[in-house]
Amino acid sequence: MKSRYVEEDGLLFIKLTEDIDHHETEILRRMIDNEVERYMPRKVILDFSRVLFMDSAGIGLILGRYKFCKMVGTQIEITNVKPSVKKILEMSGLLKIIPITAGYQNDFLWNACQP
Amino acid sequence: MIRRYENEMKLEFMSKSNNEAFARITVAAFASQLDPTIEELADIKTAVSEAVTNCIIHGYEKAEGMVQIVARLYDHTLEIEISDHGKGIEDIELARKPLYTSKPNLERSGMGFTIMENFMDEMQIESVVGMGTKITMRKKISSSEEEENKQETNRILA
């Protein structure tokens, strides 16, 4: 996971860089919540461009972050989802509460987040 | 019914969460002999990941035990058995229900069995409380039609 906070826009970009399963979510959960608490952004953007695999643990992770962000008054968005990950997101019904947004990949701010 | 398997493998590992990736990648590599599509391979990986995670967090909870996977190939079909000697499932019907989880505090989605059912063609649960749980899943690999044609051609040529 890599992240970057853009203060002038209040945006916290979180680029997930690993396969998301039960093992990884244990670590990711704490890392993401720490970043949110640290910056208290206006919006959190979870970028899935590097995520090639996700199982139901990822659904729990995203839902948990949605609840956490709601509690601290932050919006949350998902972007750049690969087809295999999208299938599971669609099945879970999660997209009804957190829509997939497009158009961050060409942003210069986004480029600053590239490894 | 007695089946003749074209290939078979057995894998056993400790119920540690860092084995989840190892398990699904191994089964996917074995299944690749059937020449599945990328989507089918992703479905297999996801279903294995769900079943193995269940063994680790529900079957054995905080204790440690062994998780066993048997995978077999026959008639363009992948058959996977994933079992543990953990605590077993008290109410299988309840466990199967979408969104039901016995561990809501762990941020579990309750989607595990629903995903296994949807991503594979068949899914059976056998469980005895105090003895363990065995999940059997089957999936027909569609892209094997090419292989069928090839065999047919070979038969005619022979």
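## Fold of chain A

Contact here means heavy atoms within 4.5 Å. In this predicted model, helix 1 (residues 22–39) of chain A lies across strand 1, strand 2 and strand 3 (43–47) of chain A. Helix 1 of chain A runs at about 165° to strand 2 of chain A.

The sheet of chain A is open and consists of 5 strands in the order 1-2-3-4-5, with mixed pairing. Strand 1 (2–6) and strand 5 (100–101) of chain A stand at the edges, and each has a single partner strand, so one side of each is left without a neighbour in the sheet. Strand 1 of chain A pairs with strand 2 (residues 11–15) of chain A in the antiparallel sense, over 5 bridges. Within chain A, A:Ser3 stands opposite A:Ile14 in strand 2.

## Extent of the interface

Chain B contributes 24 residues to the contact and chain A contributes 20 residues. Between them the two chains bury about 1700 Å², of which 56% is on carbon and sulfur atoms. Of the area that chain B buries against chain A, 30% is supplied by B:Arg24, B:Glu107 and B:Phe119, more than by any other three residues.

## Polar and charged pairs

Across the interface of chain B and chain A there are 6 salt bridges and 13 residue pairs in polar contact. In one salt bridge, the side chains of B:Asp43 and A:Lys87 meet at 2.9 Å, N to O.

## The side of chain B that touches chain A

Helix 1 (20–31), helix 2 (38–59) and helix 4 (112–119) of chain B each supply at least two residues of this side. Helix 2 of chain B gives the most, with 10 residues. By class, the residues of this side divide into 8 nonpolar, 8 polar and 8 charged.

How values were computed. Residues are numbered from 1 along each chain as its sequence is written. Chains are lettered from A and ligands numbered from 1 in the order in which they are written. This is a predicted model: local features need pLDDT of at least 70, side-chain atom pairs count only at pLDDT 80 or more; totals for chains, interfaces and linings use all residues. Side-chain values use heavy atoms; hydrogens and water are left out. Two strands pair if DSSP finds at least two bridges between them. Helices (H or I, at least four residues) and strands (E, at least two) are DSSP runs, numbered from the N terminus. Axes are lines fitted to C-alpha atoms, for helices over the stretch in contact, and angles run from 0 to 180 degrees between N-to-C directions. Buried area is the accessible area (1.4 Å probe) that two parts lose on being put together, summed over both. A salt bridge is a side-chain nitrogen of Lys or Arg within 4 Å of a carboxyl oxygen of Asp or Glu. A polar contact is a pair of N or O atoms within 3.5 Å; within protein, one must be able to donate a hydrogen and the other to accept it, and residues adjacent in sequence count only if both atoms are side-chain atoms. Ala, Val, Leu, Ile, Met, Phe, Trp, Tyr, Cys and Pro count as nonpolar, Asp, Glu, Lys and Arg as charged, and the others, Gly among them, as polar.
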